[in-house]
Amino acid sequence: MLGTPTEDRNFQAWLSVKAVRDIASGLFIFILLAGATPHLLGWFMLAATGIPVGDALIVLRSNGLRAAVYGIHGTTAVVMLAISVLLLVA
C-alpha cells in the first residue's frame with residue numbers, strides 16, 4: 001500500500017501481533033476439526049466471526065480503505081458466518 005511505513009518499528013510490531021493472532025486462530029480451528037463435533041466447530045466459528053467484524057470497524061474508524069473494510073474484512077465475516085450456519089445445522 002502506498003505510504004505504508006514498512007520501516008517503522010511500531011508498524012512492524014503491529015504486523016507481528018497480527019501474524020501471531022492469525023496463526024493462533026488457525027491452530028484453534030485445526031484442533032477443533034481434529035477432536036470436536038461439527039456443532040462445536042460451528043459455535044466456535046460463529047464466535048470467531050467477531051474478529052473480522054472488529055477488524056473492519058477498526059479500519060473504517062481509522063479512515064482506511066473502504067475496499068479493505070468491505071472486500072477483505074467484510075467478505076471474511078460473511079464467509080465465516082455462512083460456514084458457521086452450515087456447521088450448526090449439520
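Contact here means heavy atoms within 4.5 Å, and helices are DSSP runs of H or I with at least four residues, numbered from the N terminus. The model is predicted, so local features need pLDDT of at least 70 and side-chain atom pairs count only at pLDDT 80 or more, whereas totals for chains, interfaces and linings use all residues. Residues are numbered from 1 along each chain as its sequence is written, and side-chain values use heavy atoms, leaving out hydrogens and water.

Helix 3 (residues 50-61) packs against helix 4 (residues 66-89) at an angle of about 165°, with the axes 8 Å apart. Helix 3 is therefore roughly antiparallel to helix 4 (angles over 145 degrees). The residues that meet are listed below.

| Element | Residues in the contact |
|---|---|
| Helix 3 | Pro52, Val53, Asp55, Ala56, Val59, Leu60 |
| Helix 4 | Arg66, Ala68, Val69, Tyr70, His73, Thr76, Ala77, Met80 |

The residues of this contact divide into 10 nonpolar, 2 polar and 2 charged.

Asp55 lies in helix 3 and counts as buried because its relative accessibility is 14% (buried means under 20% relative accessible area, with a 1.4 Å probe and protein chains only). Apart from residues up to four places away in sequence, Asp55 touches Lys18, Arg21 and His73.

Met80 belongs to the largest nonpolar core, whose 6 residues are Leu32, Leu41, Met45, Ala48, Met80 and Leu87; such a core is a set of buried Ala, Val, Leu, Ile, Met, Phe, Trp, Tyr and Cys residues joined through side-chain atoms within 4.5 Å. Helix 2 (38-48) and helix 4 are the elements giving two or more residues to this core, and helix 2 gives the most, with 3 residues. Excluding neighbours within four places in sequence, Met80 contacts Met45, Ala48, Thr49 and Pro52.

Methods
Axes are lines fitted to C-alpha atoms, for helices over the stretch in contact, and angles run from 0 to 180 degrees between N-to-C directions. Angles under 35 degrees count as roughly parallel, over 145 as roughly antiparallel, 65 to 115 as roughly perpendicular and the rest as oblique. Ala, Val, Leu, Ile, Met, Phe, Trp, Tyr, Cys and Pro count as nonpolar, Asp, Glu, Lys and Arg as charged, and the others, Gly among them, as polar. Buried means under 20% relative accessible area, exposed over 50%, partly exposed in between (1.4 Å probe, protein chains only).
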